[in-house]
Amino acid sequence: MTKKIFLLALGLLIVACEKSPPTQQDGSLVLRTILVDQSGLIETDPELGYAPLSNARAVLESNTYYESPGVRKKYVAYSDSQGVVEFKDLLLGRYTLTVEKEVEVSIENSDQVDTLTLRGSKLIEMMDLTFEDTLKANLALESSLVINEIYYCGPKNKAFYFYDQFIELYNNSDTTVYLDGLILCRGLQRHKPNMDSVDYVQVTYIFQFPGEPKVGREYPVAPHQYVVVAQDAIDHSQYIDTALDLSDADWEFYNPYGAEIDNPAPNVVNVLPERSLDFMINLVHNFVLLADGTDFYAGEVSDRGYQYYHVPIHTILDGVEYSSNPNSLKQLTVRIDAGFAGVGMSKYSGKSVQRRQPGFDTNNSSLDFIILDHPTPGY
Ligand SMILES: [Ca+2]
Ligand SMILES: [Ca+2]
Ligand SMILES: [Ca+2]
């Protein structure tokens, strides 16, 4: 540990010990955050012992207070040469800190440079007079492909039938994108206290499109085209009147390690041999993740011996959390989705959640999604 980091740690300790009676007045709190690069694009400063994100624009947005109706209270500041950014005169409460910096990177074996964006965000709870923190920034992926609709609650029926679930993707750009090697994941159904500070998202199921992640060009999606991935691409109305006909779905989830029928639609395949279920998501609260498929790895094992998997944040293209109850504990970090789609929606109601407009995405599903009375697979 370098001397400066040690002093800083000591400072933090002193701040923690000094926590005098809660006499602080709203509007006098200070937030001091060290912005650290994690992408490796910025060199580590040997004196500091970290790679500082200097002269980066940081925005602190209150989750509690509004400037005017609908407009959250916001503060903007720039970091110094050591990557330290400071916000003063804050009120008590919860904030979201986001930071962004463009860096020029020279492309190997050429004299060209590429401009990349580093980005990081974090949920901050201002409780003390002075709060010191570190924020790690990483390479930002601008995703053209988003999760546009999730039909999860099941059709109206009394037979517990929900196998007509589907996920609709949408190319929200004017260029062709590719599905090759992308993964769709089912989220961990549990609140993880440290999920807003770790650099991964925890999942339980991973299904993958064929092809090579990031470089494959086998499975194009034209600009503004929809892609429907069905749990099973069949006409479900043959079993339950109110269920959907998904025989025209573009893809279906297929688990070769379970008792599954392989229907004509091409397959998005389960990659975890120890998992035997189809891509079934909860009917009231869960999250779905779309990532580029370049990296995922085994994480911790639960008390009951269940292996979880980690998907690194920097590989994630989109994530949507839905919950019938708006007061549920979040299961997906606010850096990916700050809210919930489908609030108030009950299971077996035949309803669906879809973006307000195709591709509409502010990373807050409470704002971005509306409830549809009837699912709209492919449109
Ligand atoms: Ca299936
Ligand atoms: Ca199939
Ligand atoms: Ca739709």
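Donors here are N, O and S atoms within 2.8 Å of the metal (3.2 Å for Na, K and Ca), and sites may look incomplete because water is not among the atoms. This is a predicted model, in which local features need pLDDT of at least 70, side-chain atom pairs count only at pLDDT 80 or more, and totals for chains, interfaces and linings use all residues. Residues are numbered from 1 along each chain as its sequence is written, chains are lettered from A and ligands numbered from 1 in the order in which they are written, and side-chain values use heavy atoms, leaving out hydrogens and water.

**View 1. The calcium ion (ligand 3) and its donors.** E149 is buried at 0% relative accessible area, while Y379 is exposed at 55%. Buried means under 20%, exposed over 50%, and partly exposed in between (1.4 Å probe, protein chains only).

**View 2. N148 in strand β8 (residues 145-151).** N148 is buried, with 1% relative accessibility. Beyond its neighbours within four places in sequence, its contacts (heavy atoms within 4.5 Å) include E168, Y226, Q354 and F369.

**View 3. The calcium ion (ligand 1) and its donors.** D232, in the loop between β14 (226-230) and β15 (251-254), and E260, in the loop between β15 and β16 (267-270), are 28 residues apart. D232 is buried at 14% relative accessibility, and E260 is buried at 18%.

Terms used:
Helices (H or I, at least four residues) and strands (E, at least two) are DSSP runs, numbered from the N terminus.
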